[in-house]
Amino acid sequence: MNFVLPEPVSLPEENSRREEREGEAQEGEVRREEVGPRETAKEHELEKPHHYGHAPFGGFVILGKDQTERDENGLLMLTTRQPYIVSYCIGDYVAKDRYEIVTAWSHNNYRGLGCANKLYLETIRVVEKEGVEILLMDIITGAWDKITRSNSMIQLFTDLGLFQMLVPVFQESYQNETREGKVEQFMRLEMAVIKIMKVVRIYEFFASVSWPVWVIFFSLLLMCFNL
């Protein structure tokens, strides 16, 4: 599996204005028009930096192209086809120091493999470098328990009582009614990005060394309460 950044998408207003300009100017023709103050202001707004001063970052998508099939003799073989989406995690900046994951999804055939967890963590890594302090997301009730059970690192942090420090806000958000009439309750999470990455780096370092060193790891984790 490969992490692939989505292609940047132009704003609809920019596309429409570009098409108008291209349609008005014929090949080899130079047109000069008077532009009033109001039009100048519109052009100026398009040139302003978007995303609260950050470069656009839409998130991550995991693409797959290999699959297992059986040949005419019933033997398993690995074939390659056109890339398809395995999982994605999409978001945007909502403030200079805040980033919100607005949607995330994993294909049914790949659920339980930790794809979503990996995308969440990679997103946190990227936005931390951009100075983001809080990551926001809404998840359906019960989803966090599944995430915790499928990730040993998150399970360890929860068992050590670090959850409240790393996720200071965990409360009911909004409800959604499905086409079948079922009401889904969502939970609002606000994650402390800087603290999460400090703890993750400590975990990843000691996960790469021998087990006796984990004694030091637990000591450092306790120190995180004072971060």
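Student: How much space lies in the largest pocket?
Tutor: This is a predicted model, with residues numbered from 1 along each chain; local features need pLDDT of at least 70, and side-chain atom pairs pLDDT 80 or more, while totals for linings use all residues. Side-chain values use heavy atoms, without hydrogens and water. A pocket is an open set of points on a 1 Å grid where a 1.4 Å probe fits, with protein on both sides within 12 Å along at least five of seven lines. Filled by probe spheres set on the points, the largest pocket holds about 820 Å³.

Student: Which element gives the most to the lining of the largest pocket?
Tutor: The lining (residues with an atom within 4 Å of a point) has 29 residues, and A104, W105, A116, Y120 and A143 lie nearest the pocket centre. Two or more residues come from each of β4 (98-106), α3 (115-129), β5 (134-140) and α4 (143-149), elements being DSSP runs (helices H or I, at least four residues; strands E, at least two). With seven residues, the largest contributor is β4.

Student: How are α5 and α7 oriented to each other?
Tutor: The axes, lines fitted to C-alpha atoms over the stretch in contact, of α5 (152-159) and α7 (193-207) come within 11 Å and cross at roughly 115°. Because angles of 65 to 115 degrees count as such, α5 and α7 are roughly perpendicular.

Student: Which residues of α7 make the contact with α5?
Tutor: Contact means heavy atoms within 4.5 Å. On α5, the contact is made by S152, M153, L156 and F157. On α7, the residues are V199, V200 and Y203.

Conventions
Axes are lines fitted to C-alpha atoms, for helices over the stretch in contact, and angles run from 0 to 180 degrees between N-to-C directions. Angles under 35 degrees count as roughly parallel, over 145 as roughly antiparallel, 65 to 115 as roughly perpendicular and the rest as oblique.
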